[in-house]
Amino acid sequence: MAAGNLEPISLDDTDVEYDEYVGVLEGGIAGRSEQMLDAYAELETRYGERFEAEADEAPDRFLGSAEDAENFRAALAETYDEELYPVLGEAGEADIGGYAEFQDTVRALAELNHVRFLDHLDTARSAVAKVRNHSSNAQSLLNQVGEILTEKGYTHETKEPIKERFSRAKRQLTQAARLRKETSAVVKRCFLYYFTADLVREKYDVERAAFRYVDLDEPADQRLERVREEFVRQERQIRRGRRSLKHKIEYIEKNYDV
């Protein structure tokens, strides 16, 4: 699809071919300075690999609170001041020269990151919803166990239904915990792209109105914060589910001849 045929995208658009927008924007940057695109791509790759590597041990890093996310933004700004912006400036002088062309190139870099943010936000919202479904299913099964014990106790009739619900709840909690760890990297990438778009735009005085392919009128930051909050909430939900499972098993062992 030609660049001129791409309509601006927003938060609530569906079935967007994000790769087309990424291709147009990357092509526009590389067409003027491959050094500029390479300098950012190297940093993006480094952060992405870091997010994946820490998924098991530190899934909540940068995400535990709104303050943690802002600290990530501040650290990202320092890294860009030291490693990215000097390269962009040097590459701009060597490859581009003209101020207007340079501004248009950094506009494309900021916009590229916002497109990637929108793409990953869709993925993150879906993944967090799946985590929530698993933890909710587990809680529902454990609530059923509680109802059975209240009404009928742990008898020959209820033994297998209760054990089956325990088994299914445990599987749901295990799946929720595994998926949550996998989801952490994509949620962190959302923040990386969103903050990068904002930082580059601020650094080079790029007006939002100059964006060609992204509509920034909607409160994207609020949508991102809701994803972060739900991601954190699911960690608590999984822990609560595990406690409930443990307590119900202990209750049966204490009060019934098993």
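User: Is Arg 73 buried or exposed?

Analyst: Happy to start there. This is a predicted model, where local features need pLDDT of at least 70 and side-chain atom pairs count only at pLDDT 80 or more, while totals for chains, interfaces and linings use all residues. Residues are numbered from 1 along each chain as its sequence is written, and side-chain values use heavy atoms, leaving out hydrogens and water. Buried means under 20% relative accessible area, exposed over 50%, and partly exposed in between (1.4 Å probe, protein chains only). Arg 73 has 17% relative accessibility, so this residue counts as buried.

User: Which residue meets Arg 73 in a salt bridge?

Analyst: The general idea is that side chains of opposite charge can pair when their charged atoms come close. The rule asks for a side-chain nitrogen of Lys or Arg within 4 Å of a carboxyl oxygen of Asp or Glu. Here the partner of Arg 73 is Glu 202, at 3.3 Å from N to O. Glu 202 lies in helix α5 and Arg 73 in helix α3, so the pair ties together parts 129 residues apart in sequence. Helices are DSSP runs (H or I, at least four residues), numbered from the N terminus. Glu 202 is partly exposed, at 44% relative accessibility.

User: How many salt bridges does this rule count?

Analyst: The count is 22. One of them joins Arg 180 to Asp 60, with the closest N and O atoms 2.5 Å apart. Arg 180 sits in helix α5 and Asp 60 in the loop between α2 and α3, so this pair links parts 120 residues apart in sequence. Arg 180 is buried at 5% relative accessibility, whereas Asp 60 is partly exposed at 26%. There is also a network of salt bridges linking Arg 32, Asp 104, Arg 107, Glu 111 and Arg 212.

User: And the core: which residues have the most contacts inside the largest one?

Analyst: A nonpolar core is a set of buried Ala, Val, Leu, Ile, Met, Phe, Trp, Tyr and Cys residues joined through side-chain atoms within 4.5 Å. The largest here has 60 residues, and Phe 72, Tyr 80, Phe 117 and Val 187 have the most contacts inside it. Helix α4 gives the largest share of this core, 12 residues. For a close-up, take Phe 72: leaving out residues up to four places away in sequence, Phe 72 touches residues including Tyr 47, Phe 51 and Phe 195, where contact means heavy atoms within 4.5 Å.

Terms used
Helix = DSSP H or I, 4+ residues; strand = E, 2+ residues; numbered from the N terminus.
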